[in-house]
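Here is a friendly briefing to read with the model open beside you.

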Amino acid sequence: MARYIGIRLLAMIPLLFAIAVISFAIAVAMEARGSIAGSVCGEGATIECIAQVERQLGLDDPMPIRFVRWLASAATGDLGTSLTNQSVSVSSLIADRIGATLSIVAYSLVIGVAAGMAMGIVSAVRPGGVADRALSVASAALIAAPGFVLAMLLSWWLAVEWGWLSPAGYTRPSESITGWIRSITLPAIGLALPTVALVQRQLRSSMTNALQSRYVLAARARGIRRTSLIGEHALPNAMIPTVTAIGFRAAAALGLTFTVEVVFNINGMGTLLTNAIQTRNVTVLQGSMLVVGIVVLVVNLLVDISYGLLNPKVRLER
Amino acid sequence: MTAPFLEVENLHVHFAGRSRLFRSAMPTVKAVNGISFAIEPHRTFGLVGESGSGKSTVARAILQLTDVTAGTIRLDGADVTRVPREAELAFRKRVQAVLQDPYSSLNQVHQVRTIVGDGITRHFGIKPGPEREQRILALLDEVGLAGEFLDRYPYEMSGGQRQRVSIARALAVAPGLIIADEATSALDVSIQSQVINVLRRVQADTGVAFLFIGHDLDVVRHVSDDVGVMYLGYLVEQGGADGVYDLPAHPYTEMLIASVPVPDPAAQAERRALRQTFKKDTEPPSPSDLPVGCPFANRCPVAMDICTELMPEATAARHGGHVRCHLHTSGPVLAGESVVPYIRSASTAR
């Protein structure tokens, strides 16, 4: 298993480099000649000011040199300063916001996977039964309706009417743990709803197959308890494709946080990125894309590891 | 003769078609239609027939994995046709199964230790530890596998090794009856004989009774003391293994025998000629729409009028068993004699 994880880690290096290239290239492609210096100098900028700023920021250097310079300082944790506010470093902007995004995404995955697995197992135990049909209709509805819309409806009761949760804004765990949980629960639910549907569907189908397999039949003939048939014999097999689906969803959820961040008025990575795009804030954009890319890589690593834990074949073959 | 360990009496298994919204009701599938046999300890009963003849349904009915429509199953004299929930565990300890496909019948995420050991834990209450480990090693030794297999996963083993693990898994609970449902069908011929030898040794050591289900008459004859030939849920012929093979009384049994290739060219030519007499293109009737008379009538080279009108009753055959065929009761009565000369003369006359 250590060797398996080691190989996975090594495989991340070229991916990291590719993410760096893409983050840099997309941001650079957005910048029109002189636009960065223009936005630094402000309205009515003089040509002198622009030329001076470009020299100062090294923007008149060739692309590869700019990339290497950026990558080298990024490796030390320095992602430059925000173009709209030269006194703020990109790293501190990201550090300030990534906590909200990561806690919402992680929380949503916990809710989504737990609820989806419970629903998937209930469906698979009696496929075509009343519970299965009700749950399948529910998950179809969850796929059809955007999660944040349903979360807004929920927020009407849970936050506005009953006041259990906070309807908007983000409280840091350092300020108040309960406040933190109250602030991220609704966005996390919003993000979790499609995950629930996805996990329910995937697990229902793989679990139905597993329960009809010969090894489960053989286990039944051996008198193995029903709970153990489901939990120890069928579930580990059924989880193998489900974990892959969860991995895809985790990466997608990271990209979709900006919707719930906007809806619930939370300053996270999603809003940071969209603002950077709108204001052509190239350094912030490069830096946050790089960081989000790295987070996705780490998520993939975790998926690969749990995949290896579940499937002995994968663990030993590679 | 010792008292039989397993007695099956007039077993019927029908699957009722469910009607659902927007779908017309499915007809009832009559998979098993009144079969009876018994197996004594230390003995092996072979059940042969083509796919869909109801062999595996018989196995599942005995294993309590499907509901019995009518008839009685007795284990050591006690009725086990419908085992109540509280008695299920005790029942499972007495009847075990080795299933057909050694690939899909072992859980790919479990090591051999777990595959063989969980039955020990369940039935003897021995938690994982040195004592259980000893038992598993003894079982692996019994089926000819070394201790290094403890940590193996199914995909790390060959088909024959997997099937040995399946046998060890069945033996783990020390059952009185093991049902081997096509246990060797998926294996290469050389591996088949190894697995069969394992089964024989196990039987000699433990006295377990076997119900051996297969479609290869040669293999079934080789391992069985008695055989039953199934066709569309009916036991059309049964008796001592050699007797049924040498003096087949039912045309279907003869067809099964003729379908097995033999190394001797002269004998093979004879079998080929015999095979020509059977109506190859005719499909067997559907088990959801069985004919009134003998289900084999539409493929039988010597069918008579009565065959399409009445299902024949079991009559004594010369090999000491029974046969259900009108040739032995009416018309040109064979009275238990072998059907081979009769089919041959009928086909040459045509």
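B:Asp246 is partly exposed, with a relative accessible area of 48%; partly exposed is the range between buried (under 20% relative accessible area) and exposed (over 50%), taken with a 1.4 Å probe and protein chains only. Please keep in mind that this is a predicted model, in which local features need pLDDT of at least 70, side-chain atom pairs count only at pLDDT 80 or more, and totals for chains, interfaces and linings use all residues. Residues are numbered from 1 along each chain as its sequence is written, chains are lettered from A and ligands numbered from 1 in the order in which they are written, and side-chain values use heavy atoms, with hydrogens and water left out.

**Salt bridges around B:Arg221**

- B:Asp246 pairs with B:Arg221 in a salt bridge whose closest N and O atoms are 3.3 Å apart; the term stands for a side-chain nitrogen of Lys or Arg within 4 Å of a carboxyl oxygen of Asp or Glu.
- Because B:Asp246 sits in helix α8 of chain B and B:Arg221 in helix α7 of chain B, this pair ties together parts that are 25 residues apart in sequence.
- B:Arg221 also meets B:Asp242 in a salt bridge, at 3.1 Å from N to O.
- B:Asp242 belongs to α8 (residues 241–246) of chain B and B:Arg221 to α7 (residues 217–223) of chain B, so the link joins parts 21 residues apart in sequence. Helices here are DSSP runs of H or I with at least four residues, strands are runs of E with at least two, and both are numbered from the N terminus.
- B:Asp242 is partly exposed, with a relative accessible area of 46%, and B:Arg221 is partly exposed too, at 26%.

**Salt bridges around B:Arg74**

- Over all chains, a search of the whole structure finds 16 salt bridges.
- One of them joins B:Arg74 to B:Glu7, with the closest N and O atoms 3.6 Å apart.
- That pair links distant parts of the chain: B:Arg74 is in strand β4 (residues 70–75) of chain B and B:Glu7 in strand β1 (residues 6–15) of chain B, 67 residues apart.
- B:Glu7 is partly exposed, its relative accessible area being 22%.

**A buried arginine without a partner**

- B:Arg169, in helix α5 (residues 159–171) of chain B, is buried yet has no salt bridge.
- Its nearest side chain of opposite charge, B:Asp118, is 6.9 Å away; Lys and Arg count as positive and Asp and Glu as negative, while His and the chain ends are not counted.
- Which residues touch B:Arg169, leaving aside its neighbours within four places in sequence? They are A:Ala218 and A:Arg222 from chain A, with B:Gln96, B:Ser105, B:Leu106, B:Ile115 and B:Val116 from chain B, where contact means heavy atoms within 4.5 Å.

**Helix α4 of chain B**

- The 13 residues of α4(B) (residues 130–142) should span 18 Å at 1.5 Å a residue, and the end C-alpha atoms are 18 Å apart, which agrees; the expected span is 1.5 Å times one less than the number of residues.
- B:Arg132, B:Ile136, B:Leu139 and B:Leu140 are buried in α4(B).
- Those buried residues fall within an arc of 100° seen down the axis, so they line one face of α4(B); the arc is that of the directions from the helix axis to the C-beta atoms.
- The face turned away from the buried side of α4(B) carries exposed B:Pro130, B:Glu131, B:Gln134 and B:Asp141.
- Packing against the buried residues of α4(B) are α3 (112–124) and α5 of chain B.
- Just after α4(B) comes B:Gly144, with a positive phi of about 80°.

**Helix α4 of chain A**

- In α4(A), the buried residues are A:Arg66, A:Phe67, A:Trp70 and A:Ala74.
- They cover an arc of only 100° around the axis, which puts them on the same side of α4(A).
- A:Pro64, A:Val68 and A:Ala75 are exposed on the other side of α4(A).
- Cover for the buried residues of α4(A) includes α1 (2–30) and α12 (282–310) of chain A.
- A:Gly77 follows α4(A) and has a positive phi, near 95°.

**Chain A as a whole**

- Chain A has 13 helices and zero strands.
- Its C-alpha trace spans about 85 × 55 × 35 Å along the principal axes.
- Of the 318 residues of chain A, 46% count as buried.
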